[in-house]
Amino acid sequence: MDMEFADGKILAEIKDGVGRITFNQPEKRNAMSVTMWDGMAQALDVFEKDASVRCVVLTGAGDKAFVSGADISQFDKLRSDADAQREYSKQTAGGRLRLGTYPKPVIAEIRGFCMGGGLGIAMSCDIRIAAEGSQFGIPAAKLGIAYGFDMVRHLVDLVGPAHAHMILMTGERFDAKEAERVGLINKVVPADQLAAEVTKLTATLAMNAPLSLYANKRTVQAVLQDRADRDIAALNAAMAACFDSEDYKEGRRAFLAKRKPAFQGR
Ligand SMILES: C/C=C/C(=O)SCCNC(=O)CCNC(=O)[C@H](O)C(C)(C)COP(=O)(O)OP(=O)(O)OC[C@H]1O[C@@H](n2cnc3c(N)ncnc32)[C@H](O)[C@@H]1OP(=O)(O)O
């Protein structure tokens, strides 16, 4: 099933249990405009309601960029309009938070430039796989802006403060091998193997028990949260839902019968 949002700048499709969102503004290296954030949210809404979608992949159109960052051509309008600026920050932070709390795994499939707010999106995903030759960077200090708190937090969580300082202070680009070395991405693969690598990963996730994936994702997120913000009751409920599920019975039965389990997400 193919869908379009944000005047075609967000493409979405569902295939083989995977919901795929493509940032589609290649003439601007897939820079993220305000309407594209809305479009991504709409696509995520569709995928969330569809039980056939077991995981979500985010990627960029073409081979030049995942997302080159926020659409800088919209900055003047945002700067001159305080309400628009507030709304924009709320929208982008909310969009990233949604990826982190989304009830299905979210994978960033990265080709080409992944910069600024684009890297913020990738860091908000659960797993990042990149093609060799991809370029990363946070050029905020080259533009005279500050990088948002939630994105800095992701950065520090992933690479630690020493690499975070280097990345933020220099604003320089670095390649996928360096991104892998510092822990910013999970894996770098030759460009012509990226699609196959992501397909292998999504096939594995699609076979696993959805309630387990969700409970474990939530728990990882909670570990990274401030203690005061942790919703332990919700975590316990997510864990209990696993133990009470049909899928848990199926998992046990399948193990003992030496066959693959067929999970239903309930
Ligand atoms: C809180 C978060 C804030 C942010 O995210 S701020 C934005 C952070 N990102 C950046 O600063 C990156 C800006 N872009 C670049 O540095 C370069 O581009 C790239 C390295 C990504 C690609 O370079 P190359 O392949 O040589 O392409 P090209 O000729 O520079 O770009 C092609 C067209 O794309 C437009 N474009 C690229 N990135 C953005 C962007 N982020 N916002 C708006 N437009 C962008 C350009 O201007 C140009 O346009 P035309 O063809 O009309 O000259």
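Reader: Glu87: how accessible is it, and which class does that put it in?
Author: In this predicted model, Glu87 has 47% relative accessibility, so it counts as partly exposed.

Reader: Which residue does Glu87 form a salt bridge with?
Author: Lys90. The closest N and O atoms are 3.9 Å apart.

Reader: Where do Lys90 and Glu87 sit?
Author: Both are in helix α3, residues 82-101. They are three residues apart, so about one helical turn separates them.

Reader: And Lys90, buried or exposed?
Author: Exposed, with a relative accessible area of 60%.

Reader: Switching topic. What do the side chains of Arg181 and Glu178 do?
Author: They meet in a salt bridge, 2.9 Å from N to O. Arg181 and Glu178 lie three residues apart in helix α7 (residues 176-182), so the separation is about one helical turn.

Reader: How accessible are those two?
Author: Arg181 is exposed at 58% relative accessible area. Glu178 is partly exposed at 28%.

Reader: Which residues do salt bridges with shared partners join into one network?
Author: Arg20, Glu109 and Arg111.

Reader: What about Lys142 and Glu172?
Author: Their side chains form a salt bridge, with 3.4 Å from N to O. This pair links distant parts of the chain, 30 residues apart. Lys142 is in helix α5 (residues 140-143), and Glu172 is in the loop between α6 (149-170) and β10 (174-175).

Reader: Last one. How many salt bridges does the structure hold?
Author: 16.

Technical notes
Residues are numbered from 1 along each chain as its sequence is written. This is a predicted model: local features need pLDDT of at least 70, side-chain atom pairs count only at pLDDT 80 or more; totals for chains, interfaces and linings use all residues. Side-chain values use heavy atoms; hydrogens and water are left out. A salt bridge is a side-chain nitrogen of Lys or Arg within 4 Å of a carboxyl oxygen of Asp or Glu. Helices (H or I, at least four residues) and strands (E, at least two) are DSSP runs, numbered from the N terminus. Buried means under 20% relative accessible area, exposed over 50%, partly exposed in between (1.4 Å probe, protein chains only).
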